[in-house]
Amino acid sequence: MTPTPVPPDPTPAERPPAAPSGTENLARRDERWQIRVRNLHKTFGPQHVLRGIDLDIERGRTNIIIGGSGQGKSVLMKHLMGLLKPDEGEIWVDGEDVVPFDERQMGKLRRKFGMVFQYAALFDSMNVVENIAFPLIERYKLSRDEIMERVRELLQRLDLANVAGIEQKFPPELSGGQRKRVGLARALIDRPEILLYDEPTTGLDPVATKNVDDMIRRTADDFGVTSVVISHDMASTFRIGDRIAMLAGGKIIVSGTAAEVLASRRPELREFIETSGLVPREEKA
Amino acid sequence: MSASSSVEDPPGQAEAGNAIAAALLEAAVAPVRGVLRYVGVHAIMLGQALLGVVRKPFRLRLYLEQAQFIGVGSLPIICLVGFFSGAVSAQQAIAALRIFNQERFVGATVGLSLAQELAPVFCALMITARAGSGMATELGSMRITEQIDALTTFAVDPIQYLVTPRIVASILMMPIMTMVFNIVGLCGAYLYSIYLEHIDLGQFIEQFTYWTDPKDYIIGATKAAVFGLTLSVAACYEGFNVRGGAKEVGLATTQAVVAGSVSVLVSDYFLIDMFHILWPTKS
């Protein structure tokens, strides 16, 4: 007779990130967690994409959200920045629930954020300098010299200053890696507290991927920003991630440090990790 | 004893009848709802865009860029089409007037038809094809490459930044383009009539100045401004709301040209009716 299998105790990564909203005080600035998401739901027509997300984003760290294609990672990221409104749930940023915010309040909140888009989303009609300076031009009345000083400082720090004629180049004249870096410079120019990266290494070769990873890591260290990276590149994830969460079936199924996540027995995560070739595939008994 | 009917409907027959009636009603109502929805979503975008004119910041550079694209950029095609439209109108008018031996009226005929109809309508169709399709393609490409989302992340209202300058520039540039069309069209008519058909120059000019009034040009310019509004709202709406990829951008561009052209021709009918009531033609 075969014994009934007993489910193993949840590893630290498999425990829910926190108690449900209502039993914890989210309405105060937490020194450790900068963004706290509770019971987030989003539906598009018949598709229930997010089915009760609970997630904590650690301040000053690189937080990675992994998951398969079509699992709602980008949808979740757009909620963090207020580009989408949830059907239900709470998003607390520095102790403020931002879901009920109107457009004016959202505009203020978005100054805390910088976003690096999957394909950089540089404005085609503007050259590199105009792209990077865009947030400064829109938000402040700075002199041309002040703007150029900040743009050149970022070009220097992101290893773009040595590219011949980079300042006057238009987006189609840049390589994939250069576009990502210009996109990052544009996100960084107004010194945000939180940087969101939407699949930053998609479409890049391994060397360019490693360069972008280094850039994310260096940015987090140099600027002290909280980074949230959406990715399905497992090698990058474990190379740069301080905390890793996995989104599957519209929920966060695993969340924790890299070591905690690696120790998880969740089949969806094991499949993800083993298919990526990071660890050898376990033989099934 | 109750007086209930001795013959009862077979079970389910009433429900089937209701379902058919509901389907017929739905089929009858759906097109009306579609038209109302179409007008509604465009009106909402127009409202948001017009609000953007009075809200800060005012980005003059964007208005000038769009005026350059819609107006100055369209000048060559407007001149080309205007010249030949004027010449062809003169050719047709002379052929018709010759039956009554009244070719001297060609200046008045072409002048009137250009001022009130041909110039604003042809100009609007040309600008729909050139600038309207350009607007839809540009906005659609910006949407699918997340450039519009990027604007939002910088707390910039994308309607105010992208749509408002296009609509305002179209409204302002269309009357100017129409006046250019009028001038070039008259040149075409003049050259054809005087040099190829040997119409008397004095009679051409005299009839033209007698029968055309400033009000004909005011009507034409007003219509042109309305066409500028309808074509740009249609183009911006289609481009701004693209979802998907390159194929959808292409479809949006086609839709923008179709919707823009139809809106021009439909509004032309109602405008000319309105102007004939408000401002009867000289007899």
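1. Angles between axes under 35 degrees count as roughly parallel, over 145 as roughly antiparallel, 65 to 115 as roughly perpendicular, and the rest as oblique. In this predicted model, local features need pLDDT of at least 70 and side-chain atom pairs count only at pLDDT 80 or more, while totals for chains, interfaces and linings use all residues. Residues are numbered from 1 along each chain as its sequence is written, and chains are lettered from A and ligands numbered from 1 in the order in which they are written.

2. In chain B, helix α8 (residues 214–240) packs with helix α9 (residues 246–278) at an angle of about 150°, and their axes are 8 Å apart. The axes are lines fitted to C-alpha atoms over the stretch in contact, and angles run from 0 to 180 degrees between N-to-C directions. Helices (H or I, at least four residues) and strands (E, at least two) are DSSP runs, numbered from the N terminus. α8(B) and α9(B) are therefore roughly antiparallel to each other.

3. Chain A has nine helices and 10 strands. Four of the strands form an open sheet in the order β2-β1-β4-β5, with antiparallel pairing; two strands pair if DSSP finds at least two bridges between them. β2 (47–58) and β5 (96–97) of chain A stand at the edges, each with a single partner strand, so one side of each lacks a neighbour in the sheet.

4. Within that sheet, strand β1 (residues 33–44) of chain A is joined to strand β4 (residues 88–93) of chain A by five bridges. His41(A) lies opposite Glu88(A) in β4(A).
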